[in-house]
Structure formats: C-alpha cells, structure tokens
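Trainee: Can we go through this model together? I would like to start with its pockets and cores.

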Amino acid sequence: MSDDVLFDATTVNDLTLENRAGLAPMTRVSASADGRATDEMARYYAKFADGGFSFLVTEGVYTDDAYSQGYLNQPGLVTDDHVAAWTQVTDAVHDADTPIFAQLMHAGAQSQGNPHVDGEVTLGPSPVQPAGEQAEPYGGSGEFAVSKEATAADLEVVLEGFVDAATNAVEAGFDGVEVHGANGYLLNEFLAADANQRDDEYGGTPEDRVRFPAEVVSAIDDAVPDDFVVGVRVSQTKVTDDSYEWPEGEDAAAVFFAELSSAGADYVHTTEPDATTPAFGDDGPTLADAAVEYVQDGTVVVANGGLGDPNAARQTVDAGVDLFTLGTSALANPDWPTRVADGDALEEFDPTAFLAPMARISDHEVPADAPPADD
C-alpha cells in the first residue's frame, strides 16, 4: 500500500506519524465519579493503537473545578489523582508506539452535569440558552439553563484551567493536547455570533470573537515543552445545532484559522457532519479546505466528518488536508487502518451497539486483559 496516500508518513511538530488516520475525540462517560480515568479506558484506547491508528485524541477532558465539567463521569485533568490515573492510559497506548493527545474541554453553556457547582449554573460568553435539549445518552434531560455571562475573573479561571490541564497532560505522559474549540462548547461559543453577544474586546467582529480562544492556545503553547503538540479543534456546527454557520461565512473562517494558527497551534482539526461538502452555502470550500487556505505555514490541518469510506478520506487528503480522524467508523472498526491497508471489508456502524442507551464504554468495546507471559 506504499502508493496509497492514506499511508503516507506525516509530521506534526516533532512527531512523525506512520499514516494519516487518527482516532477522533468522542465523548464517553466511563470515568470514575471524581473524574479519574480507569483501567477499562486504558484498554479501550490501546485497542485503537493496536489497530493501526497513527495517533489518538481522547474524549473531552474537563479543565477546572469550577464550570468546565460537562457530563457526570467525565474524566478530568485537574488533580494529582487525575494525572496518576491517566498515566495508565498513556502507558498502554505508548506500548503500541502510538502518540496520544488529551482533548481539553470546557463545556460552557452546554454543560449538563457538573458536581462542582450548585444547581444548574453554567458559564458562557453571554447569557444565552443553547438550542435543543440535553443529551440523554450522556445523562442529561430537558432544556439547557441560560448561561451566566463570564466576567473577566471567570475568564482568568478558564484560561488558567486550560494551562494547568495542559501541564498536567505533560506530567501524565501525553504527547500533546487538543484545545476543544468546536461543537458549541465554551471556546466555540466565543466564535459563534449567536452565543457571543459581548460588547467588550471578546465580542463583535470575527477578530474579536476569536481573541479569547487564541489567548488560550497561546498561553498553553507558552507553558508546555517545545516538542509537545498543541492542537485546536474548530467547527461551525454545534452539538445542539448541526446547521449553524458563522454569519460572515468564509471571511470568519479566514480570521479564525489564521489567528489560532499564529497563536501557536501545531494543528487545526476541523469537524463538520460531512467533511466533503461546502461549509458556506451550496458552493465554495469545505471547512477543511478553508483551514488549508488560511492557516499559517507549518500548521497541519486535520479533517473530521464522515470520512470512514477510504475513498472519501482520499478525496480529502488529495484536496490538501494532512491528516483525518474517524469517530463512529473507528468504533465499528478499531483496526480501520489495518483493514484498509490489507484490503479487508469494513463493518458498518451500528448505533445500538455503541453509545446507547448510555454513552459509557460497553463491555464489548474493551479487550480482555492480555494473558500473562510464561515464566
């Protein structure tokens, strides 16, 4: 398969990845009640490394003990116990010679389960109620709360939480972090004109809406070692609104990608329901195409969204994307890269076998412990 573009080696910062296929971050609710990663999670992630994925991005990890947690049984990177627990995961993945990045997530107004606050208080750029209803597979029900508008002091706590979580990720053995600026969570809410109605330096034009997310990326980049990968995930769409588009269209994308890239992002990870369709109306570039066009030289572009068909993935790479990630296709085929390289058939994703009725990791997703070696 040496002539297949999917299996070209690619460099991100100082890391060399053996192929272009990565595991996408997928929210699960299988950590302990106090946010510690488990042995079950270590075996779950290790199977994707064993299956040939060249890098893994974890589920969203909460970053502070204030407003960041989005779901009960979500893992964190806040305490020493969190760091120690994640070490078993990074060790298991590194045993397969695969790098793993922690996705750092502040849930913002879409939080639906946070034991660190009293009641249903959430934090957003502005006092806005997210569309839709909370997700039952992740333990929620009913409408979202109207968020509390973040003060300057709140934003300082948010930024410090991201930086502390990133340095904790270094200690836990991760190879990098991905800042979650997608899917309607807090940093994505700053980018979105409907959620961000501020009249200070963080609201208004695209240049102002991207300011706080870029400050987070820059602060993390300053705090971690030079060879530690710092990525950022970006989408227009949200968990609660899969049709949302930035009102400035591609003009906003140009600003967002340029600013996040120049802030220190080693990669920009775009995600849309379908990565191969135009992102700004019926014509024009995809979101990934726009990232390729507007990121600074040296910033890698990763695409996500409906790329489980190898031909769709090839189409995206041929258009200029460096890497791609798989979510549900990886759940159905944890050895997707190996299967594609060998020309084997791929399994269809069955939502009833995963993520339902709860999004915790199911027993069938976790390999049994390896038998002990003979003495």
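This is a predicted model: local features need pLDDT of at least 70, side-chain atom pairs count only at pLDDT 80 or more; totals for chains, interfaces and linings use all residues.

Trainee: Which residues lie nearest the centre of the largest pocket?
Mentor: Pro25, Met26, Asn183, Arg233 and Thr271, out of 33 lining residues. A pocket here is an open set of points on a 1 Å grid where a 1.4 Å probe fits, with protein on both sides within 12 Å along at least five of seven lines; lining residues have an atom within 4 Å of a point.

Trainee: And what is the lining made of?
Mentor: It has 12 nonpolar, 16 polar and 5 charged residues.

Trainee: New topic. Which residues touch the most other members in the largest nonpolar core?
Mentor: Leu77, Trp86, Ile220 and Trp246, in a core of 95 residues. Such a core joins buried nonpolar residues through side-chain atoms within 4.5 Å, and buried means under 20% relative accessible area with a 1.4 Å probe.

Trainee: What does Ile220 contact?
Mentor: Beyond neighbours within four places in sequence, its contacts include Leu104, Phe162 and Val230; contact means heavy atoms within 4.5 Å.

Trainee: Is Gln110 buried or exposed?
Mentor: Gln110 is buried, because its relative accessible area is 3%. Among the residues Gln110 touches are Pro130, Asn183 and Lys238.

Conventions
Residues are numbered from 1 along each chain as its sequence is written. Side-chain values use heavy atoms; hydrogens and water are left out. Ala, Val, Leu, Ile, Met, Phe, Trp, Tyr, Cys and Pro count as nonpolar, Asp, Glu, Lys and Arg as charged, and the others, Gly among them, as polar. Buried means under 20% relative accessible area, exposed over 50%, partly exposed in between (1.4 Å probe, protein chains only).
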